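Below are my notes on the model you sent.

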Amino acid sequence: MARLKEKYTTEVASELKQQFSIDNAHAVPVLTKVVINMGVNGAVENKSRVEVAMRDLATISGQQPIVRNAKASIAGFKLREGMPIGCKVTLRRDRMWEFVDRLISVVLPRIRDFRGVKSKLDGRGNYTLGLAEQAVFPEIEFDRLEFSQGMDITFVTTAETDEQGYALLKQIGMPFSDGSTN
């Protein structure tokens, strides 16, 4: 069992149940999936950038990503509907817990001048974190890095409110910069 999943089942779930006076064990907020999305800068001019981003994302997540295509044509950007412009991967179960554990304990502390992440949730208990480059992941070999690429990491929970989602993420170890939920 993943270390963070074990922590959730043994400690965090009971604390959340008590904190929010939840009677049903199935109503306790839990992390259901993590979605990692990379919109590839320069994918219109250079099609191989999407393949490189997919390789890096597969290395980071341990799962094969899918290509994301443009939904509409935008003449100003020389973008046509159906062109590959990014990639994404959805992590669930043990692979999700392993990724979140690595992100919290290894990746975020490696960011220069890191003082915590913003605590703004989406209104439904979910949280999105933006990273400026993939080089902060130890799996990526810095010598083989062709270009710097950012990503968005979305944590999807079963929390009904931002307060419950914040408490869940805080207790599993997310290093928020301040104590508020806004």
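1. By class, the lining of the largest pocket comprises 8 nonpolar, 4 polar and 4 charged residues. Here Ala, Val, Leu, Ile, Met, Phe, Trp, Tyr, Cys and Pro count as nonpolar, Asp, Glu, Lys and Arg as charged, and the others, Gly among them, as polar. A pocket is an open set of points on a 1 Å grid over the protein atoms alone, where a 1.4 Å probe fits, with protein on both sides within 12 Å along at least five of seven lines; lining residues have an atom within 4 Å of a point.

2. This is a predicted model, in which local features need pLDDT of at least 70 and side-chain atom pairs count only at pLDDT 80 or more, while totals for chains, interfaces and linings use all residues. Residues are numbered from 1 along each chain as its sequence is written, and side-chain values use heavy atoms, with hydrogens and water left out.

3. The volume of the largest pocket is about 330 Å³, taken as the space filled by probe spheres set on the grid points, which are joined across faces, edges and corners. Its lining has 16 residues, and I111, R112, G130, L131 and A132 lie nearest the centre. Two or more lining residues come from each of α3 (93–110) and β4 (127–131). The largest contribution is that of β4, with 5 residues. Helices (H or I, at least four residues) and strands (E, at least two) are DSSP runs, numbered from the N terminus.

4. How many aromatic pairs does a search of the whole structure find? There are 4, where rings of Phe, Tyr and Trp (its six-membered ring) pair if their centres lie within 6.5 Å; planes under 30 degrees apart count as stacked, over 60 as edge-to-face and the rest as tilted. Y127 and F155 are stacked because their ring centres are 6.2 Å apart and their planes at 25°. This pair joins distant parts of the chain, 28 residues apart: Y127 is in strand β4 and F155 in strand β5 (residues 151–157).

5. Y127, F155, Y166 and F176 make up one aromatic cluster.

6. T157 belongs to strand β5 and is buried at 8% relative accessibility. A polar atom of the T157 side chain lies 2.6 Å from the backbone oxygen of G125, and the T157 side chain reaches the backbone nitrogen of A159 at 3.3 Å. Leaving aside residues up to four places away in sequence, T157 touches V30, L31, T32, G125, N126 and L168 (heavy atoms within 4.5 Å).

Note on methods. Buried means under 20% relative accessible area, exposed over 50%, partly exposed in between (1.4 Å probe, protein chains only). A polar contact is a pair of N or O atoms within 3.5 Å; within protein, one must be able to donate a hydrogen and the other to accept it, and residues adjacent in sequence count only if both atoms are side-chain atoms.
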